[in-house]
Amino acid sequence: MAAAGRLLQPLLRTFSAQTRQLSAAAHGEPHQAARTWKILSFVVALPAVGVCMLNTYLKMQHHSHDRPEFIAYPHLQIRSKPFPWGDGNHSLFHNSHVNALPTGYEGGEH
């Protein structure tokens, strides 16, 4: 236990020194802090959003739009009481292209 304390003391001193420096910088010049966040927004945040958008677009190009085969699992067919809307068999956010009913998909294959 004492060995762990000896190992952590230099880390704690470094952390507290960095915290004091950041605190002093934040209290010193408010315009500098705003400028730093503006630069970070344009240099880090916007390119990150662009990379995420590109990743999503490329993943959608390789994604198949076919429905998975319907398998009538018994635990998915449990309806102890009907839903209080519509015909009582469709969930609140039911999508007939994606969500299957206990008897299978609605409509045609498309």
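Which residues form a nonpolar patch on the surface?

View 1. The patch is formed by Trp37, Ile39, Leu40, Phe42, Val43, Val44 and Leu46, which together have about 730 Å² of accessible area. The model is predicted, so that local features need pLDDT of at least 70 and side-chain atom pairs count only at pLDDT 80 or more, whereas totals for chains, interfaces and linings use all residues. Residues are numbered from 1 along each chain as its sequence is written, and side-chain values use heavy atoms, with hydrogens and water left out. Val43 has its place in helix α2, residues 30-61, and is exposed, with a relative accessible area of 57%. Here buried means under 20% relative accessible area, exposed over 50%, and partly exposed in between, with a 1.4 Å probe and protein chains only.

**View 2. The protein chain as a whole.** The secondary structure comes to 2 helices and 0 strands, where helices (H or I, at least four residues) and strands (E, at least two) are DSSP runs numbered from the N terminus. Of the 110 residues, 5% count as buried, and the chain exposes about 10000 Å², of which carbon and sulfur atoms supply 65%; these areas come from the Shrake-Rupley method with a 1.4 Å probe, and for residues only the protein chains shown count as cover. Among contacts (heavy atoms within 4.5 Å) between residues at least 6 apart in sequence, 44% join residues at least 24 apart.

**View 3. Aromatic pairs.** Rings of Phe, Tyr and Trp (its six-membered ring) pair if their centres lie within 6.5 Å, and planes under 30 degrees apart count as stacked, over 60 as edge-to-face and the rest as tilted. By this rule the count comes to 2 aromatic pairs. One of them, Phe70 with Tyr105, is edge-to-face, at 6.1 Å centre to centre and 70° between the planes. Because Phe70 and Tyr105 both lie in the segment after α2, the pair ties together parts that are 35 residues apart in sequence. Phe70 is partly exposed at 29% relative accessible area, and Tyr105 counts as partly exposed at 24%. Phe83 and Trp85 form a stacked pair, with 5.4 Å centre to centre and 15° between the planes; Phe83 is partly exposed at 29%, as is Trp85 at 31%.

View 4. His90 lies in the segment after α2, and its side chain is joined to that of Glu106 by a polar contact of 3.2 Å. Such a contact is a pair of N or O atoms within 3.5 Å; within protein, one must be able to donate a hydrogen and the other to accept it, and residues adjacent in sequence count only if both atoms are side-chain atoms. Not counting residues up to four places away in sequence, His90 touches Phe83, Trp85, Leu101 and Glu106. Ser91, partly exposed at 31%, is in contact with Phe83 and Trp85 when its neighbours within four places in sequence are left aside.

Key
Patch = residues over 30% accessible without salt bridge, like charges linked within 9 Å, V, L, I, M, F, W, Y side chains within 5 Å. Salt bridge = Lys/Arg side-chain N within 4 Å of Asp/Glu carboxyl O.
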